[in-house]
Amino acid sequence: MGLLTFSGGIHPYEGKDLTKDKPVREYLPKGECVYPLSQHIGAPAVPIVKRGDRVLVGQKIAEAGGFVSANIHSSISGTVKMIEPRMTSGGNKVNSIVIENDGLFETVDFSENVRDLSTLYREDIKDMIKEAGIVGMGGAGFPSHVKLSPRNEDDIEYIIVNGAECEPYLTSDYRRMLEETDKLILGLQICVNLFDKAKGIIAIEDNKPEAIAKISEHLADNDKIEVKVLKTKYPQGAERQLIYATTGRYVNSKMLPADAGCIVHNADTIVSIYEAVIEGKPLYTRIVTVTGDAIVNPCNLLVRNGTSCREIIEAAGGFKDGKLPEKIIVGGPMMGKAMFSLDVPAVKGLSALLCMTHDEVQDWEPSACIRCGRCVDVCPGRIIPSDLAKYAEHGNIDAFLKHDGMECCECGCCSYVCPAKRHLTQTIAGTRKSILASKKK
């Protein structure tokens, strides 16, 4: 039987050897920490502290601003300096809570919140996940308690852990799966137990044999959770492609995974659910891969929310020869976003800081489409990127919609293989965002 996969996709240089064998080490911030109130999909959180208040590690400092929103907790002890707009890695200013770090890291006592899973009701568990401020930590930032509250709970048949980590260079989820296997499995068991018909799937690409072997060994006597081995291919970890590869079910842009009977969580998110429900610990840390050929000591760091990205890079030894690299990316090279400043905070969805000595993309000069069809061959959405980009460039929204432009998942495969070096993904993505914005209005 062949490995599980989807139609299309590419095989970019992986780059994971830089950090895959580097165990996670904790980094404690030295300077102030900044907590944007919008680091999740949905309404911004609402501050519940004010200037001059002293806070502890794990203390809630902002409450969810609605059902689709998330609480925010302090990751340090110190004093609230101000609440003001601060720059984020996306280049926009977001209202943020700024806390002066006292360096003591005095922590809320979580021991009184330690729970016995057998005594908890389903709604209690969802409330704990909401209270802990857990969101999708693969980058999307969708509040986890919302995902776990579908319209019809009886329709949910699969809880899928996305352990593919198909994005090049990233190894944070891989280290999480290796180093905290028990938490991963128990966190998934918590989610599975929320639904009467659900079974668990841990989906892992076959370039991670150590994780596959270790998790499979721990699941030997578990009949409700299984490991499914995926073909190593990008974007195997994209939600729609992952669901198809593991269950054979299709999800399009008008559907939620729950409409196909599935809920998908990132590996880091699942471990955070375990910590929230069993240990009573809110989400204020995450693993960040700091990597690239410009970094002195590529590594995986357990980073506290709000820490300056400049500090995080210094913790990895800084830049080689002390020179600023030509490109720094938040996330991976395929779907990450280029940074223009390091003086921005780490947030819940920060998976990696990728620092490249040379910006290869800057060397490319786009030329006319030669109608080779390579973008069609690799597109996981089974659309025609070359045509969609043309419609987008000419503002032909009707044709863009007619030819399924909204099915683009912005994975970047088409741009990667285009011999004319056309910016297909960026052009299509801009039009998609414009259409979605107009619908909201």
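The largest cavity of this predicted model has a volume of about 110 Å³. A cavity is a set of points, on a 1 Å grid over the protein atoms alone, where a 1.4 Å probe fits but cannot get out; the volume is the space filled by probe spheres set on points joined across faces, edges and corners. Select C379, C408, E410, C411 and C414, which are the closest to its centre among the 14 lining residues, a lining residue being one with an atom within 4 Å of a point. Helices α13 (413–417) and α14 (424–440) each give two or more residues to this lining; helices (H or I, at least four residues) and strands (E, at least two) are DSSP runs numbered from the N terminus. By class, the lining divides into 10 nonpolar, three polar and one charged residue. Here Ala, Val, Leu, Ile, Met, Phe, Trp, Tyr, Cys and Pro count as nonpolar, Asp, Glu, Lys and Arg as charged, and the others, Gly among them, as polar.

Residues are numbered from 1 along each chain as its sequence is written. Local features need pLDDT of at least 70 and side-chain atom pairs count only at pLDDT 80 or more, while totals for chains, interfaces and linings use all residues, and side-chain values use heavy atoms, with hydrogens and water left out.

Next, select M137, L283, Y284, T285, R286, V303, N305, V347 and K348, which line the second largest cavity. About 50 Å³ of space lies there, and its lining has five nonpolar, two polar and two charged residues.

Move to the second largest pocket, with a volume of about 310 Å³. A pocket is an open set of points with protein on both sides within 12 Å along at least five of seven lines. Of its 13 lining residues, Q241, Y250, P380, G381 and R382 lie nearest the centre.

Centre the view on V277, which touches R115, L117, L120, I125, M128, I129 and I190, leaving aside residues up to four places away in sequence; contact means heavy atoms within 4.5 Å.

The tour ends with the salt bridges, of which the structure holds 33. Each is a side-chain nitrogen of Lys or Arg within 4 Å of a carboxyl oxygen of Asp or Glu. Select D102 and R54, whose closest N and O atoms are 2.6 Å apart. D102 lies in the loop between β8 (93–101) and α1, and R54 in strand β4 (residues 54–55), 48 residues apart. D102 is partly exposed at 30% relative accessibility, and R54 is partly exposed at 42%.

D387 and R371 form another salt bridge (3.0 Å, N to O). D387 is in helix α11 (residues 385–393) and R371 in the loop between α9 (360–363) and α10 (374–378), so the pair ties together parts 16 residues apart in sequence. D387 is buried at 14%, whereas R371 is exposed at 57%.

Finally, select R176, E180, K183, D268, E275, E279, K281 and R286, which are linked in a network of salt bridges.

Technical notes
Buried < 20%, exposed > 50% of the residue type's maximum accessible area, 1.4 Å probe, protein only.
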